[in-house]
Each structure stands twice: as C-alpha cells, then as structure tokens.
Amino acid sequence: MPDIITELRRAVFLLGMEPSRIDEYAQAITRRIRGDYQVDEYGFDVDFTRHVFLPIIGTIAHDWFRLEVRGAENLPRGGGALLVANHSGTIPLDSLVLQAVVHDHTDRFLRLLAASFLFRSPVLSDYGRRIGATMACVEDAERLLTSGELVGVFPEGFKGLGKPITDRYRLQRFGRGGFVATAIRTQVPIIPVSIVGAEEAYPQIGNLSRLAKALDLPYFPVTPFFPWLGPLGAVPLPTKWTIDVGRPIPTHRWHDHCGDPATIFSATDQVRQHVQTTLHSLLKERSTPFW
Amino acid sequence: MTQTVLVTGVARDLPASCARSLAAHFDVVGVDLTPPRTDLGPVRFQRVDPRSPVLRGVIEKINPDIVIHSSRGAVRAKEPAVLVTMHLLAALERAAAFRHLVLLSSSLAYPATPSAPACWREDATDNLVPETTTQRELLDVEKYALATTDDVAVLRLAPLMGAGVRSTVVDVLAGDAVVTSAGFNPRLQFLHPADAAWAVEAAVEKRVRGTFNVAADDVVLLGQALRILGRPGVPVAAPFIKPLARLMNRFTTAHLADDAAEIAFGRVLDTAAFRAATGWTAKTSTRRAIKELAAQLPPGPLSLDRWDSYLDSVFGGSRA
C-alpha cells in the first residue's frame, strides 16, 4: 500500500527523523513483534536497552538533572570491575543514571545488582531484567564478574534509598561486605562512585510504614509532592547531579586474606570512607541542590 | 563383550529415545510397567513392575553394566519415586556387573522463586529446603542414589521442547491462548530430545560422576516464545491463576498451568560443569526448539504468517 508508506514517510519527516531510516524503524518494529531478539541468560535485552531505555534515561540525566560526570577516565574499557555507589532518592533513579553514564563513556553496559523486591514486583521484574539487572546474590555477582562484565552495586540498599531527607548524604551501613568479598575472590578492582543530587530529587519527609507493610513495600515515601499531587508528584525535582567516578581500588593485595572477616570489614570500610569523603567535598562545592 | 545397559521407564519418550540411541553401542534392555508407545528397534523390552519382588530376579538375570533410571517415570506409576529407586538400587546390589548409574532428574529440582540466582549451579540445592512436592521427591531420589552408589551421574534436564514432545509445558503452550502471570515475563530454557539422548550417551561414555545440569545454552522470554508460537498471552493477576486454571481444566479441554510461581519465574541452568566434564554441547537452541514445535502445531491466532501479511500491508515492500 504505497499511500500508507508515503504517509509514514511524511510522519517520520514531521517528527524530525531521517525519512531514509524508515526501513530501519520498520525492521526494528518487526523484530520486536516477531520476538526475534536475543536476551542473555539473565534476561538482558540489549536491543531494548540500547535503543529505548538508554536514550530516555540519557535525556533525563542530561536535560533534567544537567548531569556532570567527573573521573570518567576511571571507568575501565575492558575486563570486569565492581562499581560501588551510594544509593538515595526514594526511587532508584541513581542506578539508572549511572548505567547511562557508563554506557556514554565506555559503550559498555553496567549490570546492576538489585533487591529481590524488584523481581517479586510485576512489570518491574520484567523491565529490570531487560535492562540487565539481576538478583543481588553472590552467585550472580560472581558469574558476571568472572565473565568480565561491569557490575554495579549499591550496598546501602533500601536503607540508603528510603532514608529521610534529614539524613541526606550520610552513608548507611554498607551491608555485610559481601560485595567486597566477591570482588576479592573474582580479582576485579572496586570502583567507588559518589552521586550527588539524587537525594533532593525526591526529598522524603515521611514514611507511611504501616501502609508500606500492608502493601508489602520496603517503605511508602511521602515527599512535599507525593502522594498529594498523585502521578504529578512522582516527577523528580530538577536537581543538579554530579557523579564522581573514583580511581579503581585494586583488590589483589587482599586476596590471600579473603576468608578473613577483619580484612573484609576493613576493605569495606575503606570503600565506604572513600565515597563519604568524596560526597562531602562535592557538597562543599555546590551552593544549592538546583544549580 | 558388549556391555548391557538397562533403561527404566521406556514407556515414556525420553527413556525410549535414550534406549534407542544407546542400542548402537550396547546391548540395551528396556523395562517398564506398560509397553512402550513407540518402536524401540533393537532394544529388548521386558515388562516389569518396579514394586514387585520379581524386579530383583529380572535384574539379576539381565545383569546390567550400566543403568539409566529416570526418576520421574515413577511418579506416573503412583508410587513415590524414591521407593521405586530404592527397590531398583537394592536389586542392583545383586547385579555383579553393575558399575554406573545415570539418573535422569529434572530442573524442577530447583525452586521457581523471584529471589533465585539467575543461573542455577548444581551445588545450589545442597542447602535448600524443598518447597514443592515435586522438588522434594526429585531431591530425595537424587540424594538416595548418590548416597547408595559411588558411580552415579545425576542429570538435571531442562524441560524437553521440540517436535513430537509430549509434556505439560507443550500442552500449555499449544493452547489457543496462554495464561501468563500479569507483569511477569519468565526466562525459558529448554532441551531438545535429541540433545537429551546425546547427553545421556555422553554421560555413559565418559562415565561421569556427580550432579550435572543439562539444557540448551540460550534463553527465550515467555513473551518471545508466544510470539514465535503465534499464541496470544492472557495476563492474569497471580492470585487468580490457580482458581482459573482449576475451573478451565475441569470444565473445558484446555490445558492451563496452575502454578502461579511456575509461570511467573522461570529456571535457568548453568551447564558449564556438564560441558566441561563430557564435551557435550546442545546442538539445538531453545529458540530453535520452540520454532520446531511451532512448525508442528496448527498456526496460532497471532501466527507469524498473519503478522507478515499484516506488516506487509502496513509497510509495503519496505521491509527487508
């Protein structure tokens, strides 16, 4: 039907896209409809992540949060590494933005480790796996790192994500150091990442813990706009974000002591200290959260 | 002298095809309670009730070197699988030539839960409390076999998929519409029957010991599988899946999966250990196996051909 093709070309042109790319779009759509795309054993859908997810999150990061990245040269171009970052902002936008940062600078995909809550939740579990996230457990982390992937972990977990705004940029407990032990065992460097700006995007002023319990959620956030404004309240504030990628911390010097809890604790503490110090110095530089 | 292989449960398709392919190198005897549905070729069939005392005499007479025992065959005989295995292993004590047991287990030995690791490794079940009856039964049989004989290879096989496969999974996917758990898109990993038979051969040939996962390398999402099969998915909220499936299975000819966890969370197996031990690799991918089933089934309501003509009408000749 040539008429439809003409109309489609016109629509593509009006949308500011290259009309000659219509074949490409048509093929991409057909591939999706046919189910003719690959996912890896974790359910990671490269096609979707590269062409749908990363462009959207990249636009949000650059135009809404005016993201500034420091130390991007510390991101390895090859081989496995464990990125350890602070977690904040009520909903884990920071992990998604970090994923976009890694892809922008290295063309690699950051494989996020997520709480089991994600995989229990309908829709979220599907899209979580599609963008490369997997269960935060030793098995998956080890498997990914051994196969030379970049793995992202937020050891504060929900404690960091769901903390009130009054605790902003105060690092919570860094788990039991399992992530450090895994990095040591798989002999990959740890890259500390400090994220500033995510805290104020959703300033959490309250937590309806009873409602959260009833809904089987880790917490139910109250911000100045949510739930009062409904879905509109879920729009993040346009804070200015800075992501600092620290120098890789080699783990081989701990390798002989990887079974020793004291070594693991001190290594964990070193990573935590690095992130906390960087957060403080980044905070000193900025005058307001918004510019 | 050719060695003798005893294959239990040959009334079912997988043990039957294992028996057939092993018959090229061994003297193969197949046993089961009911006669096989397919032609076993050079395989000798012997009817035997695994619960009867006759079993001991029969096995003593066959005196097998190698035994292929499928733990799931017994489930259909309405006898606890572990009891059948106990009878068999007790009888094998008397078989002088016996030296290697290959136990066909299933990926159902792993639970389907959201907090599961993405890929199951064999040692994951060591500290696992079984959640379902099937899982407990499979693990019981495995543990009993491993504890009784030294020379045992436990093969945890992914669900079979391909043309001619008869299974619950196939029945469910072959329906006009497939009930899915709303918002969940599990990863599926299958095993082609030919690859399964080859895996058993490889285990026998290399005389491997221990527990091994056997599955195709790749993973296909349920959503993708439905697109390949041309079946529409009907998302149903998790709590309503079981009641709906019970109603439909009772009052219609439809086959619906009734376990909400099963259809929400898949299982993916890490097959590195088996590949390293035997050099086996799956020749047919999960995707290929699903396509094989699709080719055998009548085209579904949303079959690719219909999509093709639809897309052709929308995009004209612009598609490659």
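This is a predicted model: local features need pLDDT of at least 70, side-chain atom pairs count only at pLDDT 80 or more; totals for chains, interfaces and linings use all residues.
**Stop 1: the interface.** Colour chain A and chain B separately and look at where they meet. Here 37 residues of chain A are in contact with 31 residues of chain B. The size of an interface is often given as the accessible area lost when the parts come together. For chain A and chain B, about 2,900 Å² is buried between them, with 58% of it on carbon and sulfur atoms. Next select A:I33, A:R34 and A:E41. These three supply 20% of the area that chain A buries against chain B, more than any other three residues.

Stop 2: To see one of them, show the side chains of A:R143 and B:D270. Their closest N and O atoms are 2.8 Å apart, and the two residues form a salt bridge.

**Stop 3: the side of chain A that touches chain B.** Hide chain B for a moment. Several elements of chain A each supply at least two residues to this side, among them helix 1 (2-14), helix 5 (116-120), strand 4 (134-135) and helix 7 (138-146). Which helix gives the most? Select helix 2 of chain A: with 8 residues, helix 2 gives the most to the side that touches chain B. Colouring this side by class shows 15 nonpolar, 9 polar and 13 charged residues.

**Stop 4: the cores.** Bring chain B back. The largest nonpolar core has 60 residues, and B:V28, B:I68, B:L155 and B:V200 have the most contacts inside it. Helix 7 of chain B (residues 193-206) provides the largest share of this core, 7 residues. Centre the view on B:V200. Apart from neighbours within four places in sequence, B:V200 is in contact with B:C18, B:L22, B:I68, B:V102, B:L104 and B:L155. Then select A:A100, A:F154, A:A201 and A:W241, which are included in a second, separate core of 39 residues.

**Stop 5: B:A91.** Go to helix 4 of chain B (residues 81-92), where B:A91 is found. Is B:A91 buried or exposed? B:A91 counts as buried because its relative accessibility is 2%, and the cut-off for buried is under 20%. B:R56 and B:A91 are 35 residues apart in sequence, but their C-alpha atoms are 4.6 Å apart in space. Leaving aside neighbours within four places in sequence, B:A91 is in contact with B:L55, B:R56 and B:I59.

Terms used: Residues are numbered from 1 along each chain as its sequence is written. Chains are lettered from A and ligands numbered from 1 in the order in which they are written. Side-chain values use heavy atoms; hydrogens and water are left out. Contact means heavy atoms within 4.5 Å. Buried area is the accessible area (1.4 Å probe) that two parts lose on being put together, summed over both. A salt bridge is a side-chain nitrogen of Lys or Arg within 4 Å of a carboxyl oxygen of Asp or Glu. Helices (H or I, at least four residues) and strands (E, at least two) are DSSP runs, numbered from the N terminus. Ala, Val, Leu, Ile, Met, Phe, Trp, Tyr, Cys and Pro count as nonpolar, Asp, Glu, Lys and Arg as charged, and the others, Gly among them, as polar. A nonpolar core is a set of buried Ala, Val, Leu, Ile, Met, Phe, Trp, Tyr and Cys residues joined through side-chain atoms within 4.5 Å. Buried means under 20% relative accessible area, exposed over 50%, partly exposed in between (1.4 Å probe, protein chains only).
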